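This report goes through selected features of the structure shown below. Please keep the sequence and the model at hand while reading.

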Amino acid sequence: MGARHPPYLMATAERILTDEMVAAIQALLPRYPTRQAVTLPALHIVNNQLRHVPLAAVVEIAELLELAPAQVQDTLSFYGFFKQDAPHGRTRAWICRSLSCALRGSESLIEHAQQKLGIASGETTPDGRVTLEEAECLGGCDFAPCMLAGGQLHKNLDTAQLDRIIDTWE
Amino acid sequence: MATFEPVLLANVGRDDSHTRAVYESTGGYEALRRTLAEMSPADLTELVKASNLRGRGGAGFPTGVKWTFLPKDHPGPIYMCVNADESEPGTFNNRILMEEDPHQVIEGAILSCYATRATTAYIYLRYEYPGSYARLQAAIDECYAAGYLGKNILGSDFSLDMYLHRGAAAYICGEETGLIESLEGKRAWPRIKPPFPAVEGLFHKPTVINNVETMACVTHIARRGADWFKSIGTPADPNNPRDAGSYGPKLYCLSGHVNKPGCYEAPLGITCRELIDNFGGGVWKNRRAKAAVPGGISMGLLTADELDTPLDFSGPGRVGCLGLGTAAVVVLDETVSIVDFLHNSCRFFAHESCGQCTPCREGTAWSLRMLERMRAGRGRLADLDLLLEIGDSIGIMPGTTICGLADGAAWPIKNAIRKFRDEFEDFIRRTNPHGYDVTEPVPALVQLGGH
Ligand SMILES: Cc1cc2nc3c(=O)[nH]c(=O)nc-3n(C[C@H](O)[C@H](O)[C@H](O)COP(=O)(O)O)c2cc1C
Ligand code: SF4
Ligand code: FES
């Protein structure tokens, strides 16, 4: 333990994790008997702020959790959730493609969103406004077809409603 | 059957049903108070055992029996994981419970921890449930403030901490040992069992894993007793000593081509048709059902002729489905192409396979590629037998994989092709008139330029 240099000893300008992120991650440590268990929560804390988790942040998280960077990277890369190369859009929209939504027209909803935004699924608009994702079942099948975006489940969508919702995103 | 009164959904629809005040006004936390004062952990375990409650997460394992697998007199800690990863397509009953009546779930979790002597509980919640996250966190905070969580709960010597832990959009985290690995901060690769989590689970300690709805059932068993619970549902078959019966109320999710999709509470054993007609208002657009998924897509398909199957723990298995699963019914009307259905299913499992077992990783990926080629008009009749070969050879049941995801991937393939073979053959002949009976290997779809 002693020989490692935690990131808070680095010059502030070089750090990716802010003091607030470090404090939020450290506040979770007492919840678990191992530091490694804080990996996913830490990734979420960073991702919530930066909209991605660049490799440099992985190294800092690893130092904080006393892990090898490869351990954090291994976990991160298992989940398709955390982007690494560039931040996702200011709004990240998941349109469900699983069975109940597909039966009620999600395929054309996804095509419509792709056309309107001019991007393929998984991509971000050049202005950084929106990232469009295809999701497996969002657990909102009673409101199929549905979309999760901006922390909200958008229910029983048709293309006109989808247009209106997309237009509200900044 | 006597008139059935919903209990799991009783508070849903009331104003502020998610708050402690409303929950307590309908008797909430009375069972906890009484149990801590009057019962030992062993008494409570016995009560749950006597109720014959079976887990609501998919496997239907008797809950009280599972608790007795924990080592006796273990120095601890013992952990509880509440499985709130709910990601099986078609399934949303845990979401309703967590959003509309989170205290019902938490009271059951506290009781279950008391019974199992667990001192820390983690609720593993799928990331895609922000509404559940907010409601559960608020409810946990209210419980700490009220002394239902924390040190010396309600003046007893029982202490418990409860934490919410969010996933990151991976279906496999719902498999109990995948959940454990994920919670430990690793990739969610399910573990080979044994050892079972009750013996060596989270952080190498004895661990209980139960579903959200199972927790809510524990609350009502503590409130109303085992006899009440056993008065509901399908009794055990007296001629089958291995049948544990299907007791209690159940939340059924209904979606797809019905007039009124939703989450409905009924006694275990309601038939699929009763659910569709009496609760769902029938198949939409005055159409007929072609098929229905009985319990999440992993379970396979009921044909229109099999809709009178009772949705209890043994019903779907009698018509070749994997089981009751999550009791999530998805209705396909007569216009649905069974090829499209299977493509959707194969895409899901190819996407969600964790990749550590070769038969599952390759089998799910190849079945998707074949379905994509078929849909692109390049299917061959020989593909159907190849798909069946995959279906018969991946999973715990044939003994080739570590976890049940592969069985869930196999069942829709086997059911769709065995129950709708004519439609597949017609489709292949019609869309690929010059190549349908080719039997030598064909290049991948990308090389055919079929996309
Ligand atoms: C691939 C796979 C996914 C699963 N997903 C879930 C899930 O999302 N929620 C759940 O409660 N159980 C899920 N299960 C079942 C769990 O492994 C476990 O049996 C269950 O959580 C035990 O709780 P119960 O006994 O209360 O049902 C899944 C199983 C498999 C094989
Ligand atoms: S069966 Fe599939 S999902 Fe389960 S452990 Fe093996 S590869 Fe992973
Ligand atoms: S299938 Fe789309 S939310 Fe479940």
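Which pattern does chain A follow, read along the sequence? Chain A runs α-α-α-α-β-α-α-β-β-β-α.

## Chain A overall

The model is predicted. Chain A has 7 helices and 4 strands. Its C-alpha trace spans about 60 × 35 × 25 Å along the principal axes. Of the 170 residues in chain A, 51% are buried. Taking contacts in chain A between residues at least 6 apart in sequence, 59% join residues at least 24 apart.

## Nonpolar cores

The largest nonpolar core holds 94 residues, and A:Y79 and B:F424 touch the most other members. Beyond its neighbours within four places in sequence, B:F424 is in contact with B:I338, B:V339, B:L342, B:M374, B:L384, B:A416 and B:I417. Another core, of 66 residues, lies apart from it; B:L8, B:M80, B:A139 and B:A198 are among its members.

As a general point, nonpolar side chains in soluble globular proteins tend to be buried together.

## Helix α3 of chain B

Helix α3(B) covers residues 41-51, and its axis comes within 7 Å of the axis of α6(B), residues 102-116. The two axes cross at roughly 115°, and the crossing is left-handed. On the α3(B) side the meeting residues are B:P41, B:L44 and B:T45; on the α6(B) side they are B:L111, B:Y114 and B:A115. By class, this contact has 5 nonpolar residues, 1 polar residue and no charged ones.

Which residues of α3(B) are buried? They are B:P41, B:L44, B:T45, B:L47, B:V48 and B:S51. These buried residues line one face of the helix, because they fall within an arc of 155° when seen down the axis of α3(B). An α-helix has 3.6 residues a turn, so residues three or four places apart point the same way. The buried residues of α3(B) pack against several elements of chain B: α2 (30-38), α4 (63-68), α6, α9 (212-224), α10 (226-230) and β6 (246-247). After α3(B) comes B:N52, with a positive phi near 60°.

B:S112 is in helix α6 of chain B. Is B:S112 buried or exposed? B:S112 counts as buried because its relative accessibility is 0%, and the cut-off for that class is under 20%.

B:M215 is in helix α9 of chain B. With a relative accessible area of 0%, B:M215 is buried too. Leaving out neighbours within four places in sequence, B:M215 is in contact with B:M80, B:V82, B:Q104, B:V105, B:G108, B:A109, B:S112 and B:N210. B:M215 and B:E107 are 108 residues apart in sequence, yet their C-alpha atoms are 7.8 Å apart in space.

## B:N93

B:N93 is in helix α5 of chain B, residues 93-100. Its relative accessibility is 2%, so B:N93 counts as buried. Apart from neighbours within four places in sequence, B:N93 is in contact with B:E86, B:E213, B:K250, B:L251, B:C253 and B:C263.

## Backbone details

Where are the cis peptide bonds described here? One runs from A:A144 to A:P145, with omega near -5°. A:P145 is in the loop between β2 (130-135) and β3 (147-149) of chain A. In chain B, a cis peptide bond joins B:K193 and B:P194, with omega about -5°. B:P194 is in the loop between α8 (176-183) and β4 (207-211) of chain B.

Positive phi values are found in residues other than glycine as well. A:E66 has a phi near 55° and is in the loop between α3 (55-64) and α4 (69-78) of chain A. At 27% relative accessibility, A:E66 counts as partly exposed. B:K285, which is not a glycine, has a positive phi of about 55°. B:K285 is in the loop between α11 (272-279) and β9 (289-293) of chain B.

Notes:
Residues are numbered from 1 along each chain as its sequence is written. Chains are lettered from A and ligands numbered from 1 in the order in which they are written. This is a predicted model: local features need pLDDT of at least 70, side-chain atom pairs count only at pLDDT 80 or more; totals for chains, interfaces and linings use all residues. Side-chain values use heavy atoms; hydrogens and water are left out. Axes are lines fitted to C-alpha atoms, for helices over the stretch in contact, and angles run from 0 to 180 degrees between N-to-C directions. Helices (H or I, at least four residues) and strands (E, at least two) are DSSP runs, numbered from the N terminus. A crossing is left-handed if the near helix is turned anticlockwise from the far one by less than a right angle, and right-handed if clockwise. Contact means heavy atoms within 4.5 Å. Ala, Val, Leu, Ile, Met, Phe, Trp, Tyr, Cys and Pro count as nonpolar, Asp, Glu, Lys and Arg as charged, and the others, Gly among them, as polar. A nonpolar core is a set of buried Ala, Val, Leu, Ile, Met, Phe, Trp, Tyr and Cys residues joined through side-chain atoms within 4.5 Å. Buried means under 20% relative accessible area, exposed over 50%, partly exposed in between (1.4 Å probe, protein chains only). The arc is that of the directions from the helix axis to the C-beta atoms.
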